[in-house]
Amino acid sequence: MNSIRAIVVDPEVPGRLAIKEVEAPQAGPSEALVQVEVISLNRGEVMGAMQAEAGWRPGWDLAGTVIKQAANGTGPKAGSRVFGSVPTGSWAEQVAVPTNRLAELPASVTFAQAATIPTAGLTAFRALQKGGLLLNKRVLITGSTGGVGLFTLQLARLSRAYVVGAARHARNETVVREAGADEVIVGDDLSEAAAYGPYHLIIDLVGGKTLESAIPLLATGGTCVIAGASASPSATIDFGALVRTGRATLYVLNMYAEFDRRPRSEDLAWLAQLVAEQQLQTSIEVEASWHDIGEVAQRLLQRQFIGKAVLHLA
């Protein structure tokens, strides 16, 4: 049996994550076999790994080189530099990836930059699309300092919206403003954000009290996209406020359902081109070896850094 190395859940080691030998992947007819160079970490997958049983293989995002094109002839050819995502198991030396989840990389975009894009970048892009044409619209983004938040700020700025970003700590105000916010609200209380509203689009990545205080700030006909719950999965919604607002929409963005509404490859390629043109920054805050997975995962859970963490398979 051929084998590769992959990160798996091991409750007996510090951080619950270890590199072990696993069976090599067998690509299906519409899957390319990718030699992985870099992976990125997302809070959701790391939290899942902390609760999973021994042997589970976490990982969504990856970047690397195609070593075998899909048997049906679709997707990138062998030797192509690519990036994409899978439902689980991307933290491995080789991964079989459906071609509709892969995109080729522009020459100037590094594997590290690319690995940050699939989950965080697509979440930001698809969430902003729920607001329609954003030119001169008012957009409020909570949880602005995470990977999704920083991508969302930049894309909203590129859409020529008036952007208000919310951050929990004053020390991150400059980062939020540099990413594209016209105004920055500090803390979980969004009452100060009312001065810049009402908002045509609110993207909430925090949940809890922050979501509760955001919903009354919607404009008539506005949309609130619930795309995360980093603070709390529970919130009390004032439906009376929604009724008074009129024609407001609450949209829950589940990435598993949302991303597969259409092939990811086209949107991924577009986001990578923005990076190549230096219109979109990937906000890498931690860059390390995958041998440091346990330590970096814990730092992510403890919010010791903002932005994205990437690990090289070296």
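Visitor: What makes the residues of the lining of the largest pocket nonpolar, polar or charged?
Guide: They divide into 20 nonpolar, 20 polar and 6 charged. Ala, Val, Leu, Ile, Met, Phe, Trp, Tyr, Cys and Pro count as nonpolar, Asp, Glu, Lys and Arg as charged, and the others, Gly among them, as polar. This is a predicted model, where local features need pLDDT of at least 70, side-chain atom pairs count only at pLDDT 80 or more, and totals for chains, interfaces and linings use all residues. Residues are numbered from 1 along each chain as its sequence is written, and side-chain values use heavy atoms, with hydrogens and water left out.

Visitor: Which residues line the second largest pocket?
Guide: Among them are L150, Q154 and R157. Its lining divides into 4 nonpolar, 3 polar and 3 charged.

Visitor: Why is α4 called mostly covered?
Guide: Buried means under 20% relative accessible area, exposed over 50%, partly exposed in between (1.4 Å probe, protein chains only). In α4, 9 of the 12 residues are buried, so the helix counts as mostly covered. L150 and Q154 are among the buried ones.

Visitor: What happens just after α4?
Guide: R160 takes a positive phi of about 65° there.

Definitions and conventions: 1 Å grid on protein atoms, 1.4 Å probe; cavity = no way out; pocket = protein on both sides within 12 Å on 5 of 7 lines; lining within 4 Å. Helix = DSSP H or I, 4+ residues; strand = E, 2+ residues; numbered from the N terminus.
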